[in-house]
Amino acid sequence: MASSLIPASMQSKLMGLSSRNLSNATLTYLNLDLLKNVVFLFFVLRYTRKTFDSLRGYGIIGSIKRVFAVIRLWVYYLFLRAPGVRGQVDKQVTTAITKLEEKMVRRGPGITTYLTLPKEGWTSEQIRAELTQLAGMEHAKWEEGRVSGAVYHGGEDLSKLQTEAIGTFAVSNPLHPDVFPGIRKMESEIVAMVLSLFHGPSDGAGVTTSGGTESILMACLAARQKGRAERGITEPEMVVPETVHAAFFKAGNYFGIKVHQVPCPAPDYKVHIPSVRRLINRNTVLIVGSAPNFPHGIVDDIPALSRLAVKYKIPLHVDCCLGSFVIAFLKKAGFPSPYEEEGGFDFRQPGVTSISVDTHKYGFAPKGNSVLLYRNRSYRNHQYFIFPEWTGGVYASPSIAGSRSGALIAGCWVSLMTIGEAGYVASCHQIMGAAKQFETAIREDPILSANLEVIGNPEVSVVAFASKNFGIDTYDIADAMSAKGWHLNALQDPPAIHVAFTRPTALAVEKLQTELAEVVSAELAKAEERQRQGKSYANKRGDTAALYGVAGSLPDKSIVSRLAEGFLDALYKP
Ligand SMILES: *Cc1c(COP(=O)(O)O)cnc(C)c1O
């Protein structure tokens, strides 16, 4: 049967083995040789299978492009390290990092840096004075609604109650439910409340985590463990939209799961379903959709992903971290809810096995709160860590952390109970109203619509846009908005900017539209001036344009990575 697959040299040895008159030495030699051939055959089969998977998953042209990309990357890698180039690159990276540190690390008169413990503890007056000064350091004006996303504020009254709850439970730790029974009760109620918002089945389950990233990490880990336990998968893979949150790549990196990215092409920017299907193979432990994604606020085709998940019997995670309490209340607030006619985007779809929901985003809980929901307990059990043999006693914890903060759970519970359904419907109304108003302005305002375009059809609270005028660079718009005190998010591939509306930004939407129109007019004037003078570009570019425009256009991302490393280092500079 498979004899044609066996190399001729080995066939003769296999046949030789059956002849009786062989000396022991020959036999040993033959056995070793046979072993060598078997190992060789194993590798040939393995790589044939991998090549086949890649051809099937990415197509012939796609696979050739992938090989070409690797070669291109390698050539740039060599180029950046060539004598002369390398020194130049190093110098520019160092200058950029120094500038970054000067901006981040505040020094100067009136600022004292503390590098050792005070000999005697400070008095409460000293502490209060210092805290006031720290809170008052010059910062981006989120209070005026000029920061996209970042601060998901639920109002002053809620803040006071959260502070009280945090104070009451400051010493608590959910690792010890016997010592803090109130925390255990609140945690289980948070999970139940969020489950019901996303139409969890009666045997649905969940956990609270420290944030969206941990929820996503845990969903990926549980899927990997399930694949290993039930299907013997040792080389796990997952298939995700290219617009999915970075936390999925972090999960791939931490947990050794290969991540296949699926294009989300224009005009709708949703994950391309036939490509997802082609990339599913026997090693697939998870497929993913976002509702909505971070970059463009677009909801992937969850019903279609669910059909694939059911057909191939693989778990499907829906990332509702951002959508959270806005997407859950769209219908009640009078906005179209994604895929309502097809059964929705949550557990109503039979293929959906887990959903991440950030209570610390539109749930307005204090930062450090998120919920991960599962279709039933059997999925959740794969995320547990249980170590019965520990010398410290039988150990069991649900997620990454050991000890956790019960105070944050209390802060979350207080938020859900204070705002309640009516409150979330009202905040959804306010936030969506602002997002729709902004989207309409970009589509209809004479100056904005002539030069900008909205990315896809945003259905939730994020609106992404880009320049459609070849003379205006999107990143120059981002830099000009920064100069006016706005902190919007710059996106790449394609270059774009987004605004994630929150309660503070919703109040500032008029100002946002007016100042964006001013910026676009100014950039238009500059572009016309450049054209008149026959110049391509002024040599002075802003930070965003420098990061994404120049460094970002190189295929080798090592320069961008070094800048990012410098940024992380600067976080820890006293
Ligand atoms: C914010 C966000 C997350 C999680 O981010 P955290 O910062 O870890 O809370 C995940 N997915 C999307 C789409 C998000 O916007």
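With which side chain does the side chain of Gln513 make a polar contact? Please describe the setting of this residue as well, and then the contacts that join other parts of the chain.

Reply: The model is a predicted one, and the description below should be read accordingly. The side chain of Gln513 makes a polar contact with the side chain of Gln437, at 3.4 Å. Gln513 itself belongs to helix H17, which covers residues 509–533. With a relative accessible area of 14%, Gln513 counts as buried, because the limit for that class is under 20%. Leaving aside residues up to four places away in sequence, Gln513 touches Gln437, Phe438, Ala441 and Leu448.

The wider setting is as follows. The protein has 574 residues, of which 44% count as buried, and its secondary structure comes to 19 helices and 13 strands. The C-alpha trace spans about 95 × 75 × 65 Å along the principal axes. When contacts between residues at least 6 apart in sequence are considered, 72% of them join residues at least 24 apart.

In general, an α-helix has 3.6 residues a turn, so residues three or four places apart point the same way. At its start, a side-chain oxygen of Asp301 comes to within 3.2 Å of the backbone nitrogen of Ala304. After H10 comes Lys313, whose phi is positive, near 55°.

Charged pairs provide further links. Side chains of opposite charge can pair when their charged atoms come close. The whole structure contains 21 salt bridges. One of them joins Glu235 and Lys50, with the closest N and O atoms 3.2 Å apart. Glu235 is placed in the loop between helix H7 (212–231) and strand S2 (237–241), whereas Lys50 is in helix H2 (residues 24–80), so this pair ties together parts that are 185 residues apart in sequence. Both partners are partly exposed: Glu235 has a relative accessible area of 31% and Lys50 one of 37%.

Arg282 and Asp53 meet through their side chains in a salt bridge of 3.0 Å, N to O. Arg282 is in the loop between H9 and S4, Asp53 is in H2, and the two residues are 229 apart, so that distant parts of the chain are linked. Arg282 is partly exposed, at 36% relative accessible area, whereas Asp53 is buried, at 14%.

A further salt bridge is formed by Asp90 and Arg562, whose closest N and O atoms are 2.9 Å apart. Asp90 lies in helix H3 and Arg562 in helix H19 (residues 558–571), so the pair ties together parts 472 residues apart in sequence. Asp90 is partly exposed, with a relative accessible area of 28%, and Arg562 is partly exposed as well, at 32%. Elsewhere, salt bridges that share partners join Lys331, Glu340, Asp346 and Arg348 into one network.

The UniProt record, an unreviewed entry, lists residues 27–45 and 57–79 under "transmembrane region". In the model, the span 57–79 is 100% helix and 0% strand, and its end C-alpha atoms lie 31 Å apart.

The surface remains to be described. The accessible surface of the protein comes to about 30,400 Å², and 60% of this belongs to carbon and sulfur atoms. Ile111, Tyr114, Trp122, Ile127, Leu131, Leu134 and Met137 form a nonpolar surface patch, with about 620 Å² of accessible area together. Trp122, one of these residues, sits in the loop between helix H3 (85–104) and helix H4 (124–135). Its relative accessible area is 30%, and Trp122 is partly exposed.

Conventions
Residues are numbered from 1 along each chain as its sequence is written. This is a predicted model: local features need pLDDT of at least 70, side-chain atom pairs count only at pLDDT 80 or more; totals for chains, interfaces and linings use all residues. Side-chain values use heavy atoms; hydrogens and water are left out. Patches are made of residues with over 30% relative accessible area and no salt bridge: like charges are joined within 9 Å, nonpolar side chains (Val, Leu, Ile, Met, Phe, Trp, Tyr) within 5 Å. Accessible areas come from the Shrake-Rupley method with a 1.4 Å probe; for residues, only the protein chains shown count as cover. A salt bridge is a side-chain nitrogen of Lys or Arg within 4 Å of a carboxyl oxygen of Asp or Glu. Helices (H or I, at least four residues) and strands (E, at least two) are DSSP runs, numbered from the N terminus. Buried means under 20% relative accessible area, exposed over 50%, partly exposed in between (1.4 Å probe, protein chains only). UniProt positions are given in the numbering used here, feature names are shortened, and annotations may be inferred rather than shown by experiment. Contact means heavy atoms within 4.5 Å. A polar contact is a pair of N or O atoms within 3.5 Å; within protein, one must be able to donate a hydrogen and the other to accept it, and residues adjacent in sequence count only if both atoms are side-chain atoms.
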